[in-house]
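Have the viewer open as you read.

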Amino acid sequence: MTAKLFSPYTIKDVTFKNRIVMAPMCMYSSHNEDGHVLNWHRTHYTSRAVGQVGLIIVEATAVTPQGRITPQDLGIWSDEHIEGLQELAGLVKEHGAKIGIQLAHAGRKAVLEGEIIAPSAIAFNEKSKTPKEMTLEDIKETVAAFRDGAERAKKAGFDVIEIHAAHGYLINEFLSPLSNQRTDEYGGTKENRYQILREVIDAVKTVWDGPLFVRVSAHDYQEGGLVPEDYVPFAKWMKEQGVDLIDVSSGAVVPAHIHSYPGYQVPYSETIRNGADVPTGAVGLITSPAHAEEILENNRADLIFLARELLRDPYWSRRAAKELGVSIDSPKPYERGWNF
Ligand SMILES: Cc1cc2nc3c(=O)[nH]c(=O)nc-3n(C[C@H](O)[C@H](O)[C@H](O)COP(=O)(O)O)c2cc1C
């Protein structure tokens with residue numbers, strides 16, 4: 001039997017052996033607070049590679065120290081981060097998975113000592129710090145930090161870069177009128193609210209010619225906020241700029257209630273995929289192999305991103321293959337080529 005979930009997918013010259021993607025998930029495990037890779041990361045990500053995930057996207061990794069969500073986040077703001085990330089990428093690739101990294105800046109959702117920054121000086125909620133409104137110089141430096149992060153990711157051997165523009169972090173804060181009340185060229189119209197993302201993508205592209213993903217929050221779930229249709233023009237621009245795939249998530253730019261159920265974000269992926277004619281990833285409460293297969297076969301997305309289900313079961317791909325009647329490689333000690 002064949003299953004689309006287990007068919008390869010190629011972007012540029014990078015082929016994922018199947019359509020199963022480990023979604024980025026913060027592990028808050030860089031315990032020395034310096035953003036470095038530790039044993040936890042080596043074990044955690046490599047386990048999913050052994051478990052036959054096609055593409056593993058390493059958690060939100062901060063492009064500046066001020067852009068961390070917490071002090072325990074991974075970082076890529078310094079050349080000193082390259083060595084640990086390179087080792088991690090090597091470990092994952094040894095097992096036949098491809099590896100991506102999510103480049104991130106937390107903006108007003110940073111829970112850190114000191115100043116935090118955002119498009120406008122509006123706190124996320126009553127418990128959060130009020131951020132400083134970014135100056136044009138701050139914006140320039142942030143765009144450059146994403147470019148430098150991409151350059152380091154390339155040196156570390158990553159196959160894919162994903163720009164984090166979702167979940168109410170910095171870039172999402174610029175996109176949404178709920179968090180962006182600027183009156184300069186970075187606020188107001190949709191073109192202006194998109195401007196920082198445009199600059200980040202262009203800057204990343206100066207140092208990176210591999211597969212490029214952008215993760216978006218396609219619904220703000222609040223009156224006056226963005227809805228999936230608003231992301232169609234954004235997605236068209238991203239495609240024109242050379243983005244290869246849009247990873248479609250939702251929410252968290254404001255503390256609104258989200259009514260979630262299996263596949264609740266899949267229609268947003270469809271809206272963007274059909275509206276902008278761009279490949280998409282679907283994510284959110286997808287746990288069953290048959291559900292994943294349905295999404296792909298009905299052309300509702302091109303890749304399936306799994307988060308919590310892969311925390312529960314690093315061998316989900318193996319179970320999915322069995323359930324879908326597909327035969328896949330056994331996990332094997334790489335060099336000896338044992339087969340069991
Ligand atoms: C522990 C945890 C950490 C997460 N960290 C990130 C992150 O770093 N970047 C991101 O874009 N999403 C993050 N997410 C969201 C997931 O990638 C995913 O979109 C969400 O959990 C829904 O998918 P699921 O139902 O398969 O878990 C995180 C989710 C969890 C559970």
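## Where α5 meets α6

Lys190, Glu191, Arg193, Tyr194, Leu197, Arg198 and Ile201 in α5 meet Pro233, Phe234, Trp237 and Met238 in α6, where contact means heavy atoms within 4.5 Å. By class, this contact has seven nonpolar, no polar and four charged residues. Ala, Val, Leu, Ile, Met, Phe, Trp, Tyr, Cys and Pro count as nonpolar, Asp, Glu, Lys and Arg as charged, and the others, Gly among them, as polar. The model is a predicted one, in which local features need pLDDT of at least 70 and side-chain atom pairs count only at pLDDT 80 or more, while totals for chains, interfaces and linings use all residues. Residues are numbered from 1 along each chain as its sequence is written, and side-chain values use heavy atoms, with hydrogens and water left out.

The two helices pack at an angle of about 30°, and the axes of α5 and α6 are 11 Å apart. Axes here are lines fitted to C-alpha atoms, for helices over the stretch in contact, with angles running from 0 to 180 degrees between N-to-C directions. α5 and α6 are therefore roughly parallel to each other; angles under 35 degrees get that label, over 145 is roughly antiparallel, 65 to 115 roughly perpendicular and the rest oblique. Their crossing is right-handed, a term for the near helix being turned clockwise from the far one by less than a right angle, with anticlockwise giving left-handed. Helices (H or I, at least four residues) and strands (E, at least two) are DSSP runs, numbered from the N terminus.

## The buried side of α6

Which residues of helix α6 (residues 231-240) are buried? They are Tyr231, Val232, Phe234, Ala235, Trp237 and Met238, with buried meaning under 20% relative accessible area, exposed over 50% and partly exposed in between (1.4 Å probe, protein chains only). The cover over these residues includes α4, α5, β10 (212-217), β11 (245-249) and α7 (266-276). After α6 comes Gly242, which has a positive phi near 100°.

Ring pairs also link Tyr194, Tyr231, Phe234 and Trp237 into a cluster. Rings of Phe, Tyr and Trp (its six-membered ring) pair if their centres lie within 6.5 Å; planes under 30 degrees apart count as stacked, over 60 as edge-to-face and the rest as tilted.

## An aromatic pair to look at

The structure holds nine aromatic pairs. In one of them, the rings of Phe174 and Tyr186 have centres 6.4 Å apart and planes at 75°, so the pair is edge-to-face. This pair links distant parts of the chain, with Phe174 in helix α4 (residues 170-175) and Tyr186 in the loop between α4 and α5 (190-205), 12 residues apart. Phe174 is buried at 0% relative accessibility, and Tyr186 is buried too, at 8%.

The axes of helix α1 (residues 39-50) and helix α2 (residues 82-94) come within 8 Å and cross at roughly 25°. That makes α1 roughly parallel to α2, and the crossing is right-handed. His41, Arg42, Tyr45, Thr46 and Ala49 in α1 meet Glu87, Leu88, Leu91 and Val92 in α2. This contact has five nonpolar, two polar and two charged residues.

Helix α2 also packs against helix α3 (residues 136-156): their axes come within 8 Å and cross at roughly 50°. The two are therefore oblique to each other, in a right-handed crossing. Here Ile82, Leu85, Gln86 and Ala89 in α2 meet Arg152, Lys155 and Ala156 in α3, a set of four nonpolar, one polar and two charged residues.

## Single residues worth a click

Phe6 sits in the segment before β1 (9-11). Is Phe6 buried or exposed? Phe6 is buried, with a relative accessible area of 12%. Not counting residues up to four places away in sequence, Phe6 touches Lys17, Asn18, Ile20, Ser317, Ala320, Ala321, Leu324, Val326 and Ile328.

Glu33 is not a glycine, although its phi is positive at about 60°. Glu33 lies in the loop between β3 (20-22) and α1 and is partly exposed at 45% relative accessibility. Asn299, another residue other than glycine, has a positive phi near 55°. Asn299 is found in the loop between α8 (289-297) and β13 (303-306), and at 39% relative accessibility Asn299 counts as partly exposed.
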